[in-house]
Amino acid sequence: MATAGRKRGRKKKKKVKTMTKKITKLTKKFKATLQLRHQHCTKLIPHLIAAISSAHSFLLRHDLHLLPHQSLSLESLISSSSSSISNIVSLLSLPPPPPRAAPPPRAAVTSPSDDDPLPGCWFQRFLIADSGTLWAETFNLTEPSFTLLLRLLTPSLSSLSVPPNYALALTLYRLAHGASFSAVSRRFGIDSPTACRVFYTVCKAITENLGHLFELKSDINRVIVGFGWISLPNCCGVLGIEKFELGGDLLGENGFLIVQALVDSEGRFLDVSAGWPATMKPETVLRKSKLYLGVEESKEYLNGSSFELNDGNSIPQYILGDSCFPLLPWVLTPYRGESNEEDGAEMAFNSVHKRGMQLVGTAFGRVRGKWKLLARKWNEQCIEAFPFVIVTCCLLHNFLIKCSEAVTDETEEYPRFEEFPVFDGEVDESGKKIRDALASHLFRGWQEFQSPTLVIVGGNGRKKIHGLISFR
């Protein structure tokens, strides 16, 4: 028994010795591999640092010739690469890399104003070098529109430590390209905290001085005429709702804000109510909004005369509302569960309603596409300022339309969120009667349009007219 035990002990010692040798051998091999990789990394790091330095020098020398998104992308890449190099150097216990060479001194630049407080910064050089062609690509509006907007806002910007044109340009640049405060501060020759104060001061000035561009009350006749051209008599707008995403844990799982907006037939915003939490239902947002109070309580909105239809019925001023809103005498929502698919009037109304609701999506799409700061998650801690930024961009959207600036559809760069649930509350009987009357009116017009083709002979020869009679 003792002999057998000693044999087993010797075998275990032999196995342990063999395993120890293997581990020692593998450890040596691993150390040799690490040392070899360490040597390779040590050789590569100076080349990487030189490449980053060259990219930085290129950016400094050509910042006026690069488009904003190009310079911002290159700037971000240089910053992230520098951070990665520093982390690698720290892990390898190497001496810190030499500081990046200072940019070559620039030639003295003479400002258009001899007492310019921010000499030599990117924006000053932009003003001197630019012939006007890059304003739209840099600030999302032409130089004449910038000058007009500056004249409207200057009285409200007197408290700032930077000139009003610098403040406005900084704000438009950040809104247009989603640039960080550090990025805009470098371009405008100020520090990041000052850039932050300037940005929010200008946004506040825009909301206070351009609020008249929400023209629901001041230009309602133009709005009604515009919807008349798309077969919606006495319509005063299309009411929809949109979500804007928040980053981080600012609102937990429901990381977005709700914005309610009323839009006209040209895609202008007539009313915007922003900043509602995602936990709030759309019908609650509507009832708490200034629009609802202005219709139901103060009677300052939608108080015009009714429109008499061909069948003798009349309809008051109204707006089209998304299906998540309740049906009211002045908010006409689509036929849903109660809709009869064989009812031509209901189908005609839903078809026109669907096209109308697209105006809201298009308007928000243009705002997000034009002002890229809204196309991204809002990651800043000052969440209470985000609604004002949204309203600022909606007002700038209206301002550009007012100035006849080119408006493009740029809706592909941001995700659309799921639709809100259909309102399942009680149906307002008065609202139902008004919707039925409008649906019948639309169906009669649709029937006339679908009538057999008539051939009219006039001075210019034969002409086909669908449902219309024309004399030449």
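Reply: Of the 472 residues in the protein chain, 42% are buried (under 20% relative accessible area with a 1.4 Å probe, protein chains only; over 50% is exposed, and in between is partly exposed). This is a predicted model: local features need pLDDT of at least 70, side-chain atom pairs count only at pLDDT 80 or more, and totals for chains, interfaces and linings use all residues. Residues are numbered from 1 along each chain as its sequence is written, and side-chain values use heavy atoms, with hydrogens and water left out.

The chain has 14 helices and nine strands. These are DSSP runs, numbered from the N terminus: helices are H or I with at least four residues, strands are E with at least two.

Now the sheet. Five strands form it, in the order β3-β2-β1-β6-β7. The sheet is open and its pairing is mixed. Two strands pair if DSSP finds at least two bridges between them. β3 and β7 (331-332) are the edge strands, each pairing on one side only.

Start with strand β1, residues 235-245. Ten of its eleven residues are buried, so the rest of the structure largely encloses β1. On one side, β1 runs antiparallel to β2 (residues 256-263), joined by eight bridges. Within that pairing, Leu239 stands opposite Leu262 of β2. Ile241 has Gln260 of β2 as its bridge partner. β1 also pairs with β6 (residues 318-321), here in the parallel sense, over three bridges. Cys235 stands opposite Tyr318 of β6. In a regular strand, side chains alternate between the two faces of the sheet.

Next, the helices on the sheet. Helix α9 (residues 220-228) lies across β1, β2 and β3, at about 90° to β1. Axes are lines fitted to C-alpha atoms, for helices over the stretch in contact, and angles run from 0 to 180 degrees between N-to-C directions. The buried residues of α9 are Ile220, Arg222, Val223, Ile224, Gly226 and Phe227. Their cover includes β1, β2, β3 (269-277) and α12 (344-370).

Helix α12 packs on the sheet too, touching β1, β2, β3, β6 and β7. Contact here means heavy atoms within 4.5 Å. The direction of α12 makes about 50° with that of β1. To recap, β1 pairs with β2 through eight bridges and with β6 through three, while α9 and α12 both touch β1.
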